[in-house]
Amino acid sequence: MDNGASGYHWGFFSRASLKFSHCIFGLGLIAINNGFNAITMSIDYECSGVIETAAFWALLAFYPMYQAKEKVVLALLGFLWMYVANVIRLILIVLIVHTFGVDHFFLAHSIIGRIVFYIFAVFFYYKVFTYGYLAKNKKKV
């Protein structure tokens, strides 16, 4: 499925999804083909993890347990963590749709993908906020 943007394929994503899809870099489109039917998934800002990353940064900015340098490091780690979690979510969606067909897109995207992403996000929130608080206040707790 070449739509004239063959020079814009994102090779890493194609390899990571075992050649079941390709990403047209710059357009935010992922074409998923399973041999019988195809679907094009558009990645906009709501699907990119930007909102979740901004929410994490906002919480971190006002969280009193860390100094400014620690917040900068945690903000960068948070960005990386959310980015990787979102890439894993996207790969999972591609694999499910490729394996089970276009009819399973809603289940893969809206249910399974979100659950997987939020498991990663909650784990990171726990490590930064809950565990971080407990570790810094061992003697008080």
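Accessible areas here come from the Shrake-Rupley method with a 1.4 Å probe, and for residues only the protein chains shown count as cover. On that basis the accessible surface of the protein comes to about 9000 Å², and 70% of this surface belongs to carbon and sulfur atoms.

This is a predicted model, in which local features need pLDDT of at least 70 and side-chain atom pairs count only at pLDDT 80 or more, while totals for chains, interfaces and linings use all residues. Residues are numbered from 1 along each chain as its sequence is written, and side-chain values use heavy atoms, with hydrogens and water left out.

**Overall fold**

The protein has four helices and three strands. Helices (H or I, at least four residues) and strands (E, at least two) are DSSP runs, numbered from the N terminus. The order of the elements from the N terminus is α-β-β-β-α-α-α. Of the 141 residues, 37% count as buried; buried means under 20% relative accessible area, exposed over 50%, and partly exposed in between (1.4 Å probe, protein chains only). A contact means heavy atoms within 4.5 Å. Among contacts with a separation of 6 or more, 55% are between residues 24 or more positions apart.

**Helix 2 and helix 3**

Two packed helices are described by the angle between their axes and the distance between the axes. The axes of helix 2 (residues 50–61) and helix 3 (residues 68–100) come within 10 Å and cross at roughly 160°. Axes are lines fitted to C-alpha atoms, for helices over the stretch in contact, and angles run from 0 to 180 degrees between N-to-C directions. Helix 2 and helix 3 are therefore roughly antiparallel to each other, a term for angles over 145 degrees.

From helix 2, Glu-52, Thr-53, Phe-56, Trp-57, Leu-60 and Ala-61 meet Lys-71, Leu-74, Ala-75, Gly-78, Phe-79 and Met-82 of helix 3. By class, this contact has eight nonpolar, two polar and two charged residues. Ala, Val, Leu, Ile, Met, Phe, Trp, Tyr, Cys and Pro count as nonpolar, Asp, Glu, Lys and Arg as charged, and the others, Gly among them, as polar.

| Residue | Relative accessibility | Class |
|---|---|---|
| Asn-86 | 6% | buried |
| Thr-99 | 51% | exposed |

Leaving aside residues up to four places away in sequence, Asn-86 touches Cys-47, Ser-48, Gly-49 and Phe-117. Thr-99 is 64 residues from Gly-35 in sequence, and their C-alpha atoms are 9.9 Å apart in space.

Definitions and conventions:
Angles under 35 degrees count as roughly parallel, over 145 as roughly antiparallel, 65 to 115 as roughly perpendicular and the rest as oblique.
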